[in-house]
Amino acid sequence: MILSFASPSEPSVPLHVISQPDLDNWLQDQPSHIASWVEANGFTGAMGQALLIPQSDGAPEMALAGYGNSSKRARKRFPLAAAAEALRKGTYHIASGVPADAISNECLGWLLTGYAFNRYTNQSPAKARLVAPEGVDAVRIEALVRAEALTRDLVNTPASDMGPDQLQAAAEDLAQEFGASCLVIKGDDLLDQNFPLIHTVGRAAAQAPRLIEMTWGNTGPKLTLVGKGVCFDTGGLNLKPGNSMSLMKKDMGGAANVLGLARMIMALKLPVQLRVLIPAVENSVAGNAFRPGDILTSRKGLTIEINNTDAEGRLVLADALALADEGEPDLIISMATLTGAARVAVGPDLAPFYTDDDGAADALANSGRQSADPVWRMPFHEPYEAMIEPGIADLDNAPSGGFAGSITAALFLRRFVGDSRYMHFDIYSWQPSKAPGRSKGGLGQGPRALLTALPEILNL
């Protein structure tokens with residue numbers, strides 16, 4: 001994979017990005033042989049079209065990339081990436097046609113066309129290289145791309161090669177790369193150090209449950225990221241049907257996304273005190289698996305009635321959030337592939353988030369638009385609190401009725417955070433079908449929006 005810009009010193013072909021409504025005007029300013037070549041090859045400026053225009057000796061004189069029209073572009077995250085994927089191998093520089101307010105995201109999308117998950121069979125990413133346009137923050141864009149590649153690789157790797165052991169190794173590798181510290185509490189040590197829910201959910205698996213903690217930075221606001229690391233979710237004794245289990249390798253998507261966000265923060269040297277907490281488990285079936293009807297006591301002391309062992313993600317997050325809150329950070333962010341209800345509400349393309357902080361919500365909504373990482377605010381709706389209170393215990397991990405499943409899960413998690421500012425993302429972390437700049441499979445959702453918003457949210 002090539003996930004970086006080409007060197008400015010490398011010979012490159014000028015690329016003209018042309019929308020359909022502008023093609024005729026552009027052709028009027030070109031020599032007749034160019035206009036004839038464009039017409040002969042059927043180039044219309046439609047999105048995804050790419051055309052090389054040769055010189056008399058056969059070498060490329062320029063290239064054209066179709067940019068569609070405004071309504072078509074509105075439907076794509078990275079419109080130029082469609083043409084980048086169609087261009088022949090070579091190095092290009094953008095000569096005209098991309099609006100200034102879109103250039104950074106179009107460069108990001110172009111570099112992401114170079115991603116492929118090659119671990120098990122050779123894939124074929126796009127091979128067209130791009131020279132960073134003048135004025136673009138190439139270092140930042142490359143940092144975003146490498147973080148996205150990390151997230152995608154982690155989510156795409158099946159549980160046979162991405163259990164708690166391997167997720168721990170990925171966190172340790174990232175910590176080593178950036179000089180961060182990494183601490184792991186594993187197996188029965190979780191009970192000794194009061195992480196009973198993490199232990200209970202993961203105790204039936206072959207690989208021991210654990211809490212992974214990474215810390216970096218010693219100045220600035222305290223930022224704690226908590227990511228759900230359920231490396232595979234069978235549903236436990238409330239066993240999922242086969243169709244529902246087929247994508248459960250991605251149930252550690254929250255962990256993959258916080259590691260991606262952490263990579264961005266460390267690579268770009270944001271002035272924060274970063275802490276990453278990942279409860280890493282596999283929710284398996286064995287004689288010692290936890291059961292429906294069990295009542296568990298959390299790190300915070302709240303008791304929880306288990307009405308469905310398939311609602312395990314909120315349990316492991318509860319202990320991690322309690323620990324996060326004890327550190328009195330300036331902001332806690334949790335990310336998790338938590339509920340199917342969130343997918344029903346907003347589909348796979350939006351990252352729903354919860355916060356009581358209106359200013360932070362506005363900053364996130366704006367940054368999501370700016371960074372091609374759309375997010376959508378959901379409510380911590382207080383009247384639904386009663387739905388997570390079963391009477392026999394403090395909390396119910398799976399309220400009956402099926403209504404407001406994402407909201408009740410978010411309310412459940414909020415019970416484990418005290419006075420700290422808190423944001424929760426209920427993400428999908430999966431691209432169902434290939435799109436420009438977004439290969440089918442694992443996906444980062446929310447980290448770019450968060451990275452862009454954090455300076456405003458934390459007054460950096």
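The lining of the largest pocket divides into 11 nonpolar, 10 polar and 9 charged residues. In this classification Ala, Val, Leu, Ile, Met, Phe, Trp, Tyr, Cys and Pro count as nonpolar, Asp, Glu, Lys and Arg as charged, and the others, Gly among them, as polar. The model before us is predicted: local features need pLDDT of at least 70, side-chain atom pairs count only at pLDDT 80 or more, and totals for chains, interfaces and linings use all residues. Residues are numbered from 1 along each chain as its sequence is written, and side-chain values use heavy atoms, with hydrogens and water left out.

The volume of the largest pocket is about 620 Å³. A pocket here is an open set of points on a 1 Å grid over the protein atoms alone, where a 1.4 Å probe fits, with protein on both sides within 12 Å along at least five of seven lines; lining residues have an atom within 4 Å of a point. Grid points are joined across faces, edges and corners, and the volume is the space filled by probe spheres set on them. Of the 30 lining residues, Arg314, Leu338, Thr339, Gly340 and Ala341 are the closest to the centre of this pocket. Two or more residues each come from α12 (313-326), α13 (340-346) and α15 (405-414), and α13 gives the largest share, 3 residues. Helices (H or I, at least four residues) and strands (E, at least two) are DSSP runs, numbered from the N terminus.

The second largest pocket has a volume of about 380 Å³. Its lining has 16 residues, and Arg73, Ala74, Lys76, Arg77 and Pro79 lie nearest its centre. Helices α3 (70-73), α5 (103-112) and α14 (358-370) each give two or more residues to this lining, which by class holds 7 nonpolar, 3 polar and 6 charged residues.

Which residues touch the most other members of the largest nonpolar core? Among its 88 residues, they are Leu167, Ile265, Leu274, Ile333 and Phe425. Such a core is a set of buried Ala, Val, Leu, Ile, Met, Phe, Trp, Tyr and Cys residues joined through side-chain atoms within 4.5 Å; buried means under 20% relative accessible area, with a 1.4 Å probe and protein chains only. Helix α11 (residues 253-267) gives the most to this core, 9 residues. Leaving aside residues up to four places away in sequence, the contacts of Ile333 (heavy atoms within 4.5 Å) include Leu223, Leu225, Met423 and Phe425. A second, separate core of 40 residues includes Leu315, Val316, Leu323 and Leu395.

Strand β10 (residues 273-283) has 9 of its 11 residues buried. Strands pair if DSSP finds at least two bridges between them. Strand β7 (residues 210-216) runs antiparallel to β10, joined by 7 bridges, and Ile212 stands opposite Ile278. Strand β8 (residues 222-227) pairs with β10 in the parallel sense over 5 bridges, with Val276 as the bridge partner of Leu225. Strand β9 (residues 229-233) is also parallel to β10, over 3 bridges, and Asp233 stands opposite Asn283.

Finally, an open sheet of 3 strands has the order β11-β12-β16, with mixed pairing. Strands β11 (295-297) and β16 (395-396) stand at the edges with a single partner strand each, so one side of each is left without a neighbour in the sheet. Strand β12 (residues 303-305) pairs with β16 in the parallel sense over 2 bridges, and Asp396 is the bridge partner of Glu305.

Methods
Buried < 20%, exposed > 50% of the residue type's maximum accessible area, 1.4 Å probe, protein only.
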